[in-house]
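Welcome! Please take a moment to look over the sequence and the 3D view before reading on.

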Amino acid sequence: MKHERKSQLRSLEGRLVISPMGIYAAEIMCGIGGATRGFLDAGIQVLRGFDIDGSCKKTYEENNKPANFLHWDIRQLTADELLAGTKLNAGDKFALIACAPCQPFSRAGVKKPKNSKSLVSALADLIREVKPDFVFAEK
């Protein structure tokens with residue numbers, strides 16, 4: 001998994017995407033990218049989405065160009081990895097988008113994955129480490 005992570009990060013090098021609004025974002029727990037699509041439609045440049053479910057990659061990337069999908073467990077994601085290849089200019093803003101899966105938090109949830117609540121802890125850690133200008137978290 002470590003080699004795969006480095007390879008995914010290398011694929012981001014040299015990509016320059018300009019945001020007309022000066023707001024850039026990354027989404028964690030992105031799934032197929034519903035929130036990413038909304039942010040893109042609002043004029044915010046989403047650079048990439050991270051999710052542990054690799055089967056979301058094709059749909060995410062087809063529906064959210066030019067954003068990239070990275071198959072990643074966010075509980076192991078660092079601020080440097082989240083921001084890899086991102087060069088913000090003075091005045092640019094960065095938003096962190098997070099859409100935690102609902103099953104672990106729902107009373108009706110049949111499937112309750114182990115350690116699922118630690119996803120929220122991982123989000124809190126990333127917020128402290130990255131210090132984004134904006135955070136959008138929903139569930």
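This is a predicted model: local features need pLDDT of at least 70, side-chain atom pairs count only at pLDDT 80 or more; totals for chains, interfaces and linings use all residues.

Here is a short tour of the sheet, the helices packed on it and some aromatic pairs.

Let's begin with its open sheet of five strands, which pair in parallel in the order β3-β2-β1-β4-β5. β3 (68-71) and β5 (134-138) stand at the edges with a single partner strand each, so one side of each has no neighbour in the sheet. From one strand to the next, the twist averages 15 degrees.

Take a look at β2 (residues 45-51): four bridges join this strand to β3 in the parallel sense. Here F50 stands opposite L70 in β3.

## Helices on the sheet

Helix α2 (residues 34-41) packs on the sheet and touches β1 (23-28), β2, β4 (93-99) and β5. The direction of α2 makes about 175 degrees with that of β2.

Helix α5 (residues 118-130) packs on the sheet as well, touching β1, β4 and β5. Its direction makes about 175 degrees with that of β4.

## Aromatic pairs

The structure holds three aromatic pairs. One of them joins F39 and F136: the ring centres are 5.3 Å apart and the planes lie at 70 degrees, so this pair is edge-to-face. Since F39 belongs to helix α2 and F136 to strand β5, the pair ties together parts 97 residues apart in sequence. F39 is buried, at 16% relative accessible area, while F136 is partly exposed, at 35%.

F50 and W72 also form an edge-to-face pair, with 5.6 Å centre to centre and 85 degrees between the planes. Both F50 and W72 are buried.

Terms used. Residues are numbered from 1 along each chain as its sequence is written. Side-chain values use heavy atoms; hydrogens and water are left out. Two strands pair if DSSP finds at least two bridges between them. Helices (H or I, at least four residues) and strands (E, at least two) are DSSP runs, numbered from the N terminus. Axes are lines fitted to C-alpha atoms, for helices over the stretch in contact, and angles run from 0 to 180 degrees between N-to-C directions. Contact means heavy atoms within 4.5 Å. Rings of Phe, Tyr and Trp (its six-membered ring) pair if their centres lie within 6.5 Å; planes under 30 degrees apart count as stacked, over 60 as edge-to-face and the rest as tilted. Buried means under 20% relative accessible area, exposed over 50%, partly exposed in between (1.4 Å probe, protein chains only).
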